[in-house]
Amino acid sequence: MSRPLCLAALEFIRGTLIAQPYSPMIVLLPFTGGYSHTLNSVCRLLVRTGVVLIAAAGNYWDDACLNSPASEPEVITASGTNFGRCVDIFAPGDDIVSASSDCTTCFTSKSGTSQAAAHVAGEQKKSQLHFDCTARMT
């Protein structure tokens with residue numbers, strides 16, 4: 001995804017939330033690129049409006065702080081390979097069984113921090129659902 005398209009998509013999410021508030025919202029950012037102050041600033045703004053952002057750290061066996069949006073401290077950065085103070089959590093990211101676009105019942109195996117970030121996003125949603133159900137019961 002190109003950086004301008006990514007920024008436009010994040011702005012669309014922000015605009016939609018302003019028009020129709022929804023909480024809690026989890027947004028998966030399964031991509032990474034070189035450090036970008038602009039992208040990090042947009043991500044910070046979204047987090048401050050209540051969105052949980054989960055980003056891939058990158059697949060370079062390198063410091064995740066060199067990448068965006070992984071380097072933004074308010075984003076949850078998931079990794080299977082990258083390291084550094086910007087990584088918040090390590091998750092499975094190797095040979096993950098996933099749906100395939102080949103057919104409606106096909107599966108494929110994928111690897112990378114995008115897969116790790118997706119695991120974290122799923123767990124985040126599960127914990128929010130558990131918290132919501134527990135709060136309703138008390």
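Analyst: Happy to. Helices (H or I, at least four residues) and strands (E, at least two) are DSSP runs numbered from the N terminus. The model is predicted, so local features need pLDDT of at least 70 and side-chain atom pairs count only at pLDDT 80 or more, while totals for chains, interfaces and linings use all residues. Residues are numbered from 1 along each chain as its sequence is written, and side-chain values use heavy atoms, with hydrogens and water left out.

Let us look at helix α2, which covers residues 37–48. Its 12 residues reach 16 Å from the first C-alpha to the last, close to the expected 16 Å at 1.5 Å a residue; the expected span is 1.5 Å times one less than the number of residues. Four members of α2 are buried: Leu39, Asn40, Cys43 and Leu46. Seen down the helix axis, these buried residues fall within an arc of 120 degrees, so they line one face of α2. That arc is taken from the directions between the helix axis and the C-beta atoms.

What does the buried face meet? The buried residues of α2 pack against α1 (3–19), β1 (25–29), β3 (51–56) and β4 (67–68), where contact means heavy atoms within 4.5 Å. Following α2 in the chain comes Gly50, with a positive phi near 105 degrees.

In β3, 6 of the 6 residues are buried, so the strand is largely enclosed by the rest of the structure. Val51, Leu53 and Ala55 are buried on one side, and Val52, Ile54 and Ala56 are buried on the other, so both faces are covered. As a rule, side chains in a regular strand alternate between the two faces of the sheet.

Now for the sheet itself. Two strands count as paired if DSSP finds at least two bridges between them. By that rule, 4 strands form an open, parallel sheet in the order β1-β3-β5-β6. At the edges stand β1 and β6, each with a single partner strand, so one side of each is left without a neighbour in the sheet. β1 and β3 run parallel, joined by 5 bridges, and Val27 has Leu53 as its bridge partner in β3. β3 also pairs in the parallel sense with β5 (residues 76–79), over 3 bridges, with Ala56 opposite Ala78. Next along, β5 and β6 pair in the parallel sense over 2 bridges, and Ser79 stands opposite Phe90 in β6. Back to our helix: α2 packs on this sheet, touching β1 and β3, and its direction makes about 145 degrees with that of β3. Axes here are lines fitted to C-alpha atoms, for helices over the stretch in contact, and angles run from 0 to 180 degrees between N-to-C directions.

Cys65 lies in the loop between β3 and β4 and Cys86 in the loop between β5 and β6 (89–90), so the pair ties together parts 21 residues apart in sequence. Both Cys65 and Cys86 are buried. The other disulfide joins Cys103 and Cys106, whose sulfur atoms are 1.9 Å apart. Cys103 is partly exposed at 31% relative accessible area, and Cys106 is partly exposed at 24%. In sequence order, the bonded cysteines of the protein chain pair as 1-2, 3-4. Cys6 is in no disulfide, and its nearest cysteine sulfur, that of Cys43, is 6.5 Å away. Cys6 is buried at 4% relative accessibility.

Notes
Buried means under 20% relative accessible area, exposed over 50%, partly exposed in between (1.4 Å probe, protein chains only). A disulfide is a pair of cysteine sulfur atoms within 2.5 Å.
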